[in-house]
Amino acid sequence: MTAMKITRPEKPARDTIAPSDLTFGLSTCKRCLWIKYWFKVTMPGQFPLVKPLADAQEEHFRRASMQDLDPSLPAGTVKQWGQWVKSAPLVIGGRQTTWKILGIYDLLAHYEDGSVGIIDCKVSDSDRDNGAFYSPQLEAYAHALENPDRGKPFPVSTMGLLVWKLNGITETADGAHGFGVTQHYLPVERDSAKFASLLEELIAVIEGELPDSGENCQTCNYLTQLAELQS
């Protein structure tokens, strides 16, 4: 599918990069990604249960001991949750850009040595819920915490996914019903080289000309078919 003819404004509609765009944005459709940053236009998502399930998971682990999440983790406690983090301007290839990372982490643990641990909550049964796929997103949070736009930096010593998978309906003693889950913690290894490479690719896409759409982009394919019907 060829690129559409769109006149680019003098400057992008935003100057911050969402951590999730390093995973979902680059891997889905670069044209949709470009339009998002230059025009602040995105297709609305349809995930009615995602937010209440994610909120319930996050609330459940507030002030939790890290040892309760996974015995392999150092002694520490979840002390912060759902907070925005913003980085200082990003430096790419020795050039300081106008771009900053801006995002909301799920849970942040504080360890006894003064470092912190990032925990990203997931309610899913997707094979994509693995450390390799989400590593760039968590690295973005880590970069913002270690290189904040303002305030005190926090060294990040651990990153991981806390995954809930639905495992059927359960019944309580009083006859009520609910969904049960299995839980597991997936450690995510730091990979600064991969993060830097993807960040450079993302900014190159944004600052370049309008790209072609992703071959399997449902949004672009829908809009193209709709335009053909209306022509």
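Me: What gives the most to the lining of the second largest pocket?

Reply: The model is predicted: local features need pLDDT of at least 70 and side-chain atom pairs count only at pLDDT 80 or more, while totals for chains, interfaces and linings use all residues. Residues are numbered from 1 along each chain as its sequence is written, and side-chain values use heavy atoms, with hydrogens and water left out. A pocket is an open set of points on a 1 Å grid over the protein atoms alone, where a 1.4 Å probe fits, with protein on both sides within 12 Å along at least five of seven lines; lining residues have an atom within 4 Å of a point. Helices (H or I, at least four residues) and strands (E, at least two) are DSSP runs numbered from the N terminus; α5 (131-146) supplies at least two residues of this lining, but the most, three residues, comes from β3.

Me: Which residues lie nearest the centre of the second largest pocket?

Reply: The lining has 14 residues. β3 covers residues 84-86 and α5 covers 131-146. The residues nearest the centre are Trp-84, Val-85, Lys-86, Leu-145 and Pro-148.

Me: Which residue of β6 stands opposite Trp-84?

Reply: Two strands pair if DSSP finds at least two bridges between them. β3 and β6 (residues 100-104) pair in the antiparallel sense over three bridges. In this pairing, the residue opposite Trp-84 is Ile-104.

Me: Which strands stand at the edges of the open sheet of three strands?

Reply: The order of the sheet is β1-β6-β3, with mixed pairing. Two of its strands have a single partner strand each, so one side of each is left without a neighbour in the sheet. These edge strands are β1 (16-17) and β3.

Me: Which residue in the turn between β9 and β10 has a positive phi?

Reply: The strands β9 (residues 156-171) and β10 (residues 177-187) run antiparallel and are joined by 10 bridges. In one place along them, Gly-160 stands opposite Pro-187. The two strands form a hairpin with five residues between them, and the turn residue with a phi of about 90 degrees is Gly-175.

Me: Is Lys-40 buried or exposed?

Reply: Most residues other than glycine have a negative phi. Lys-40 has a positive phi of about 60 degrees and lies in the loop between α2 (30-39) and α3 (50-60). Buried means under 20% relative accessible area, exposed over 50%, and partly exposed in between, with a 1.4 Å probe and protein chains only. At 61%, Lys-40 is exposed.

Me: What is the relative accessible area of Arg-63?

Reply: Arg-63 is not a glycine, yet has a positive phi of about 65 degrees. Its place is in the loop between α3 and α4 (66-69). Arg-63 is exposed, with a relative accessible area of 62%.
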